[in-house]
Amino acid sequence: MQRKIPPRSMMRPTRRGRLLLAAVGAVVAGTAVAVPLLMSEGGPEEPPPLSLVVPEGWRASQVYDAIDKTLELTPGSTRRSVGKAGLKLPGDAQGNPEGYLFPATCPVQKGATPESVLSSMVDAATSEFDAAPIAAGAQHNAMNVYQAVTIASIVQAEAATPADMGKVARVILNRLERGMPLQMDSVINYALNRSTVHTSQDDTRIESLYNSYQRMGLPPTPIDNPGEEAMHAALNPTPGDWLYFVTVKPGDTRFTADYTAHMRNVADFNTLHQGTG
């Protein structure tokens, strides 16, 4: 589903974001004390640190662009620095930080580099994901943490509202348990580097490891950087037998276990959105 990113002035750190601030903001606290002292002695006031805002659900590509802008670097600089950043990622990630770029509002100190910013975000995510209750929750659901993050990333992209997240997670798990392809448009959108509610038959035939219509199981990586609510939903899905869902319009997401009922819901979606593709 297409995600609307609120303006930076409206951003608020999540609980996990606040953890990141605590982890990387020690220097900020020192600066806050030092500034009055400098002013009282007539010295120059230290400029406040820059802030990097990473909303929940942003893809790594969006994070890279934001870091470039914040550090006033040539576009593409952060993307090129990933391989040399020495990021402490799980083995399953194979060096790809997607899913582990911690959503938060974080201060960026003078002298920061793409490598240092990426490392702070990944370290914060790893610390959170490897601690209870996430690690224990993943084990309880017969999955590893990386798989849980991957499911949470799909939940983040697909759920129209926080209230739907647990149901979307249940659909994912139900389909995996039954050996059904996920058929999630958000995963196709990731492969095509876009965000849209319209998926064509041609889209479902693309040659990609992220083609959730043709390939079984989870995609090879997360498809965005999920927030706390999506992670909670992935580990605590709402009980239900649903196998299908479609958001016909805002506030009207329909979940069902019956394929015929689902096709009626899809027809309602197509009727409502006809000519808007």
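This is a predicted model: local features need pLDDT of at least 70, side-chain atom pairs count only at pLDDT 80 or more; totals for chains, interfaces and linings use all residues.
## The chain as a whole

The protein chain contains 11 helices and 4 strands. Of its 277 residues, 46% are buried. The accessible surface of the chain is about 14200 Å², and carbon and sulfur atoms hold 53% of that area.

Among contacts in the chain with a separation of 6 or more, 67% join residues 24 or more positions apart.

## Helix α8

Helix α8 covers residues 165–177, which is 13 residues. From its first C-alpha to its last it reaches 18 Å, close to the 18 Å expected at 1.5 Å a residue. After α8 comes Gly179, which has a positive phi, near 70 degrees.

The helix is mostly covered, with 10 of its 13 residues buried. The buried residues of α8 include the stretch Val168, Ala169, Arg170, Val171, Ile172, Leu173, Asn174 and Arg175. Met165 and Gly166 are also buried. The cover over the buried residues of α8 includes two helices, α7 (145–158) and α10 (228–235), as well as the strands β3 (244–249) and β4 (252–256).

## The cavity

The structure has 1 cavity of 30 Å³ or more. The largest cavity holds about 30 Å³ of space.

Its lining consists of Val187, Leu209, Tyr210, Asn211, Ser212, Arg215, Met216, Gly217, Leu218 and Pro219. By type, the lining residues of the largest cavity are 6 nonpolar, 3 polar and 1 charged.

Note on methods
Residues are numbered from 1 along each chain as its sequence is written. Side-chain values use heavy atoms; hydrogens and water are left out. Buried means under 20% relative accessible area, exposed over 50%, partly exposed in between (1.4 Å probe, protein chains only). Contact means heavy atoms within 4.5 Å. Accessible areas come from the Shrake-Rupley method with a 1.4 Å probe; for residues, only the protein chains shown count as cover. The expected span of a helix is 1.5 Å times one less than its number of residues. On a 1 Å grid over the protein atoms alone, a cavity is a set of points where a 1.4 Å probe fits but cannot get out, and a pocket is an open set with protein on both sides within 12 Å along at least five of seven lines; lining residues have an atom within 4 Å of a point. Grid points are joined across faces, edges and corners, and a volume is the space filled by probe spheres set on the points. Ala, Val, Leu, Ile, Met, Phe, Trp, Tyr, Cys and Pro count as nonpolar, Asp, Glu, Lys and Arg as charged, and the others, Gly among them, as polar.
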